[in-house]
Amino acid sequence: MMISMIEENLSAVRRNIEEACRSVGRDPADVTLVAVSKTKPIEDLREAYRLGVRTFGENKVQEIQDKLPLMPADASFHMIGHLQRNKVKYIVDRVALIHSVDSLRLAETIEEEAAKKDVICRILLEVNVAEEETKFGLKAEETCPLAEAISHFSHVKVCGLMTVAPEVSDPEENRKIFSKLKKLSVDIREKNIDNINMNILSMGMTGDYITAIQEGATIVRVGSGIFGARDYALS
Ligand SMILES: *Cc1c(COP(=O)(O)O)cnc(C)c1O
């Protein structure tokens with residue numbers, strides 16, 4: 001049988017993850033690959049599923065609503081994009097993790113909607129480590145206070161931190177960003193806040209996931225490196 005582009009790409013990504021782990025003495029089992037399938041047709045997700053992928057990343061609520069019912073029940077979806085408060089209700093009980101919480105107001109809405117549905121919603125706090133003006137996310141110094149505020153919520157569980165690093169041609173340029181997010185998560189963990197854990201560090205995309213793993217990523221979000229370039233003209 002012919003090997004698909006997705007199969008070839010996925011093998012390379014998995015090899016790179018293993019090598020990155022080996023290079024710093026980490027266990028590859030501690031790194032979860034989230035296949036970022038935004039804009040891609042359901043056939044591509046099914047192909048990745050066939051090859052063992054179980055976790056998909058999307059950045060639009062509508063796409064999650066459309067794709068989730070078309071996938072096998074053990075496929076899970078992560079919301080990785082900016083989330084509007086009026087759309088929380090559509091996904092709060094359907095996604096396994098929301099990566100992009102960056103305000104108390106958004107966390108409050110998640111708490112309300114999760115309470116209505118009687119679920120506990122797992123979230124990450126998104127940190128704009130590089131303080132890029134065009135990006136969402138908390139400033140580093142805002143992160144711990146927000147974690148403390150959310151720790152009192154009974155339907156929201158903070159599970160770690162996420163960052164979207166700048167687009168760079170050389171991934172080495174982002175190493176400092178990743179190590180800063182890691183350090184921030186260690187600092188917050190050391191405060192032993194009730195109901196908060198810092199087990200997840202979601203950082204690294206197609207261009208820089210190897211570097212991110214070397215700096216401690218436990219989730220990497222790889223899109224074009226698996227599914228090929230996105231064509232926004234079609235979507
Ligand atoms: C699109 C996207 C990715 C994946 O980007 P690639 O460069 O295609 O790997 C990862 N994280 C977020 C938040 C994204 O929006």
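A polar contact is a pair of N or O atoms within 3.5 Å; within protein, one must be able to donate a hydrogen and the other to accept it, and residues adjacent in sequence count only if both atoms are side-chain atoms. The model is predicted, so local features need pLDDT of at least 70 and side-chain atom pairs pLDDT 80 or more, whereas totals for chains, interfaces and linings use all residues. Residues are numbered from 1 along each chain as its sequence is written, and side-chain values use heavy atoms, without hydrogens and water.

View 1. In the side chain of Thr 206, an N or O atom is 2.4 Å from an oxygen atom of the ligand. A nitrogen atom of the ligand lies 2.8 Å from a polar side-chain atom of Arg 221. The protein buries 88% of the 390 Å² that the ligand exposes when taken alone (Shrake-Rupley method, 1.4 Å probe).

**View 2. Residues around the ligand.** The shell (heavy atom within 4 Å) includes Val 36, Lys 38, Ile 80, Met 162, Val 164 and Met 205. Also among them are Thr 206, Arg 221, Val 222, Gly 223, Ser 224 and Arg 230. By class, six are nonpolar, three polar and three charged, with Gly counted as polar.

**View 3. Ser 185 in helix α7.** Helix α7 spans residues 175-189 and contains Ser 185 (a DSSP run of H or I, at least four residues). Ser 185 counts as buried because its relative accessibility is 3%, under the 20% limit (1.4 Å probe, protein chains only). The Ser 185 side chain reaches the backbone oxygen of Lys 182 at 2.9 Å.

Technical notes: Helix = DSSP H or I, 4+ residues; strand = E, 2+ residues; numbered from the N terminus. Buried < 20%, exposed > 50% of the residue type's maximum accessible area, 1.4 Å probe, protein only.
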